[in-house]
Amino acid sequence: MKSAIYLLSIAVLALGLYSYEVRQENTNLQQTVHAQYTNALTNASERLTNLQEAISQSLLFQDQVALEAQLDNIWRMSNEFRSSISSLPLSTEVANDWLRYVGNIGEEAKYVADNGDFEEWHKKMGKINENLKALSDEWTVATTRFYENDGDFKKWASVATQETKESPFKNVSANLKSYTETDFPLTASESDWKKKQELQNLTDKELTKEQAIDKLELLIPGIKDATYTVTKSKETAPYPFYHIQFVKGSRIGYADITVKGGHILSFLSERPVQEHTGITQQQIKDRVYQFLGRAGYKDLQLVEMRENHEAWHISLARVVGKDKALVYPDGVQLKVSKDSGELLGFNAMEYVQKETVDESQPVNPIDWETFFRPGTIVEEERLIYTENDAFQLRKCYEVIARFDNKLNETFRVVVDTDNHDVIKVEYMP
Amino acid sequence: MVRSIFMTIILTLGTFAIVKPSETSAFSSQLIERGSFGDDVIELQARLQWLGYYNGRIDGIFGYGTYWAVRNFQKEFGLDIDGVVGSSTKKNLVNSTEYHEDWVKQQIDRGNQFTHYGGTPLSQQVKGGGGGSGQSKSSDMQLPVKYSERDLQLMANAVYGEARGEPYEGQVAVAAVILNRLESPDFPNTISDIIFQPGAFTAVADGQIWLTPNERAKQAVLDAMNGWDPTENALYYFNPQTATSKWIWSRPQIKQIGDHIFCY
């Protein structure tokens, strides 16, 4: 009996020690996270104040050099504030509202610094400065409780799960929404961009589910007579489409087809693929053009091919005008298996809603020898259409340039044909 | 008579067997050009490096670095300068270089930083690494230029942690949501910030993001990076059986894939 009591006491003691240790570990972890969140909150608050002050200071200057330096600061500070906000456990809604509003300020600063429209900046930022100050005050009120001395981590833990209207950030969120609408209304180009994404403009005749399947089988005969499950997009989807899931042998996949016009937006099929290459790269290209012919897509040009273990991914872009410029936002992607050349994927969402192209944009020649530093060789040059930062579709030179050195480092440089703005520079491995 | 025919066949096969090893390390019959990937490209880069034409990483990806090296080689050897490696380029390469296939692949498998220049003992061309700290293994996948192997790894972890029980389409969809967030002004600017934004993904909160992703999750991420978006531009998704947030139910829904509803 004595031994049993002795053993039981030892077990209880060991269990007690173990649970104490676990509890201690949890407390330590909580304290670490608590410290990090509080640090991020302090940083965010400081950065918000700095940003507001920088905007206020930018209203002081008329001198271009002084203002440009301030705009650079504002762009950097807005990014830093965004980074702090995204590391805080705020509700998705509050975080999104902040990221959008402050991101808009940063983009505006960058845009003005690039384009020199300083008058517009001064006109716009007077009100934004006031609004940001108000937001900064509300933020201080909302976050006070996180600095209270009781060190209660539960306050942090509850923030992300609380509905915004019941959280301390209720006012901040409501005002952010309202200020975003008034301070940064969508520009025409942004609206166009969104419309493009939403495919709301289709006016074609509506297809039944059966017709949609027929259309799919016509384009991709390999899945003919598969077992299909067809559902329609949710009622709140901005454009109606059929979601067709299929099974045929070892193939499982889906296709999304618009109800209006039966345009195939996306198709993807999964099956075991042998890594051994059965067909050549040229044969893959031939299959791609056969497919495009079947689909009736006659205005596409192959832009890039990438091989991987099981398949090739192929990118194509629409070609327009006398100068055969490539419209990158009207792209099509294909996935072709390496073992048999079977079409495993097709993505034409962007191509279905074609961009309106301004072919009249001037093409002013550039002397690449003076544009690039000595020792840079321009290897390829072609015309493309692509979006600039303001979502405007611009005709551009696309240049492949390399350093004439041991490593042959190569870059893709995109330059506006009219104003010679550099839209993009990418390192090409 | 039968015996002599049999002996001839054996001798012929024997001769092939003796000659074959020197050819096994030579290229396959495929044309190799920009966009190609795999063992042929590893051999091409190693042989070009042997002569000093290629100074980049031997990773099996035929990018621009390899392309200019091929063109320079073709120019020097009086071949058609097209950057495409056909039979005559291969023949000239094989005749003028050595390729230590086993050694090269061993270095790649060990994750070592190494080169394959002629005239220097191979043992002096390994600059260390290994254990993941040096040159990465022969790149697992060839990605679009704007994404890195780190992005692929992080996203594969997220997809596997969030959706490994979902159909392939559902896995591509989760990857596409991450990439849609990258384009949206409402979310952070990097894939890492998006994935680790507090509360954004359940897999981060419950630690399932640290599970080792399988090949299927990586393929799903690769398809999303190459443009596939089964969600039709969704920014959020949720499991209707477990979601408790009223806000997420207020978002305009697009479609359901497996257990997830995708929405704006």
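**Two chains, one predicted complex**

Hi everyone, let me start with chain A: 57% of its contacts with a separation of 6 or more are between residues 24 or more positions apart. Two residues are in contact here if their C-beta atoms, placed from the backbone, lie within 7 Å.

A word on ground rules. This is a predicted model, where local features need pLDDT of at least 70 and side-chain atom pairs count only at pLDDT 80 or more, while totals for chains, interfaces and linings use all residues. Residues are numbered from 1 along each chain as its sequence is written, and chains are lettered from A and ligands numbered from 1 in the order in which they are written.

Back to chain A. It has 11 helices and 12 strands; these are DSSP runs numbered from the N terminus, with helices being H or I of at least four residues and strands E of at least two. The C-alpha trace of chain A spans about 85 × 80 × 55 Å along its principal axes. Of the 429 residues in chain A, 33% are buried. Buried means that 20 or more other C-beta atoms, placed from the backbone, lie within 10 Å of a residue's own; exposed means 12 or fewer, and partly exposed is in between.

Two backbone details in chain A are worth a look. Asp225(A), which is not a glycine, has a positive phi of about 65°. Asp225(A) sits in the loop between α8 (209–219) and β1 (227–232) of chain A, and it counts as exposed because it has 8 C-beta neighbours inside 10 Å. Lys324(A) also has a positive phi, near 50°. Its place is the loop between β6 (311–320) and β7 of chain A, and with 10 C-beta neighbours inside 10 Å, Lys324(A) counts as exposed.

Now, how confident is the predictor about chain B? Its pLDDT, the predictor's confidence in each residue from 0 to 100, averages 86. Residues 11–24 of chain B stay under 50, with 0 contacts beyond four places in sequence. Residues 131–136 of chain B also stay under 50, but there the model has 15 such contacts. Where pLDDT is low, the predicted coordinates should not be read in detail. For the complex, the predictor gives an ipTM of 0.88 and a pTM of 0.87.

On to where the chains meet: 43 residues of chain B are in contact with 51 residues of chain A. On the chain B side, α3 (64–76), α7, α10 (215–225), α11 (246–249) and β4 each supply at least two residues.

Let's follow α10(B). Why is it largely enclosed by the rest of the structure? Because 9 of its 11 residues are buried, among them Leu222(B) and Met225(B). The buried residues of α10(B) pack against β4 (264–270), β7 (325–337) and β8 (343–347) of chain A, together with α6 (149–163) and α7 of chain B. After α10(B) comes Gly227(B), with a positive phi near 120°.

Last stop: chain B has an open, antiparallel sheet of 3 strands in the order β3-β5-β4. Strands pair if DSSP finds at least two bridges between them; β4(B) and β5(B) (residues 260–263) have 4. Within that pair, Ile257(B) stands opposite His260(B).
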